[in-house]
Amino acid sequence: MSQSHDSGQTAAPAAAVGGDTTRERILTAAMEEFARHGIAGARVDRIAKLARTSKERVYAYFRGKDALYADVAAREHVVIAEATQMDPSDLPGYAGRLFDYFVARPDHHRLLTWGRLELPGTAAVADDPTQAVIARKIDQLRQVQQAGQLDPAWDPADALALVNQIAMTWASQPELSEAAAAHAVDPTTAARRAAVVTAVERLFPRAR
């Protein structure tokens, strides 16, 4: 896989201007382009065309493709957190919401997967909103452990990672989704969701 990415990971100073609809159009177009083609395969000229602007305008806001992808991915992590709302005392319910989110938006899952594949080991900046979301969830899990609502034997970081992985099992394995549709006893999406929720319930029962 190509590694010829732009090296910058920080938005250009112009990106600090708030409420700019051109910038929002660029981010929306970039999300579609990155989800479809990955980072190496994405083209700034296509992003500019879809955003109804110029390549020069794109680069006025972002130093390069990596910087643009980092902004898009960070925003998506925040959107996911807001849309799925983790209740630390009900991890099965949270897993179900994550499952629903990515069933409805498989392109969003592809968007995040491209970053893991093409930008491994990228150092997070101090104000990275993605890391802030993760840290907040881990802290929430630690609090319910202290309240006796979650088994304290689990490291909360491990608990979060396992719940996320189980919830995204089908989104991350589309070939198995196709096989399940053809061969599972119950081929419905509802059955796949129920399996996810049950698996998380057995590991992390809802607080009583």
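This is a chat about a predicted model of one protein chain.

Me: What secondary structure does the protein chain have?
Reply: Ten helices and zero strands. Helices (H or I, at least four residues) and strands (E, at least two) are DSSP runs, numbered from the N terminus. Residues are numbered from 1 along each chain as its sequence is written. The model is predicted, so local features need pLDDT of at least 70 and side-chain atom pairs count only at pLDDT 80 or more, while totals for chains, interfaces and linings use all residues; side-chain values use heavy atoms, with hydrogens and water left out.

Me: How much of the 208 residues is buried?
Reply: Buried residues make up 40% of them. Buried means under 20% relative accessible area, exposed over 50%, and partly exposed in between, with a 1.4 Å probe and protein chains only.

Me: And contacts between residues at least 6 apart, what share join residues at least 24 apart?
Reply: That share is 69%. Contact means heavy atoms within 4.5 Å.

Me: Which residues of the largest nonpolar core touch the most other members?
Reply: Ile-26, Phe-34, Leu-68, Leu-91 and Leu-111, out of 45 residues in that core. The largest share of this core, eight residues, comes from α1. A nonpolar core is a set of buried Ala, Val, Leu, Ile, Met, Phe, Trp, Tyr and Cys residues joined through side-chain atoms within 4.5 Å.

Me: What is Ile-26 in contact with?
Reply: Leaving aside neighbours within four places in sequence, Ile-26 is in contact with Ile-47, Ala-51, Thr-53, Arg-57, Val-58, Tyr-61, Phe-62 and Leu-68.

Me: Switching to rings. How many aromatic pairs are there in the whole structure?
Reply: A search finds four. In one of them, the ring centres of Phe-34 and Tyr-69 are 5.3 Å apart and the planes are at 85°, so that pair is edge-to-face. Rings of Phe, Tyr and Trp (its six-membered ring) pair if their centres lie within 6.5 Å; planes under 30 degrees apart count as stacked, over 60 as edge-to-face and the rest as tilted.

Me: Where do Phe-34 and Tyr-69 lie?
Reply: Phe-34 is in helix α1 and Tyr-69 in helix α4, so the pair ties together parts 35 residues apart in sequence. Phe-34 is buried, with a relative accessible area of 0%, and Tyr-69 is buried at 5%.

Me: What about Tyr-101 and Phe-102?
Reply: They form an edge-to-face pair too, 5.2 Å centre to centre with 80° between the planes. Tyr-101 and Phe-102 are both buried.

Me: Which residue lies over the face of Tyr-101?
Reply: Arg-105, at 4.2 Å from the ring centre. Elsewhere, the charged end of Arg-192 sits over the ring of Trp-170, 5.5 Å from its centre. A charge sits over a ring if NZ of Lys or CZ of Arg is within 6 Å of the ring centre and within 35 degrees of the ring normal.

Me: Thr-84 next. Is it buried or exposed?
Reply: Buried, at 1% relative accessibility. Thr-84 lies in helix α4, and a polar atom of its side chain is 2.7 Å from the backbone oxygen of Ile-80. Not counting residues up to four places away in sequence, Thr-84 touches Tyr-94, Arg-97, Leu-98 and Tyr-101.

Me: Which residues of α6 are buried?
Reply: His-108, His-109, Leu-111, Leu-112, Gly-115 and Glu-118. The buried residues of α6 pack against α1 (21-41), α4 (65-84) and α5 (91-104).

Me: How far does α6 reach?
Reply: Helix α6 (residues 106-118) has 13 residues and reaches 18 Å from its first C-alpha to its last, close to the 18 Å expected at 1.5 Å a residue. The expected span is 1.5 Å times one less than the number of residues.

Me: Now α10. What does Glu-201 touch?
Reply: Pro-92, Arg-206 and Arg-208, not counting residues up to four places away in sequence. Glu-201 is found in helix α10 (residues 189-203) and is buried, with a relative accessible area of 18%.

Me: And Thr-198, how exposed?
Reply: Partly exposed, with a relative accessible area of 36%. Thr-198 is also in α10. Its C-alpha is separated by 9.6 Å from that of Gly-96, 102 residues apart along the chain.

Me: Last topic: which residue has a phi of about 60°?
Reply: Arg-52, a positive phi although the residue is not a glycine. Arg-52 is in the loop between α2 (44-50) and α3 (55-61) and counts as exposed at 62% relative accessibility. Gln-85 also has a positive phi, near 45°, and lies in the loop between α4 and α5.

Key:
Polar contact = N/O pair within 3.5 Å; in protein donor to acceptor, adjacent residues only side chain to side chain.
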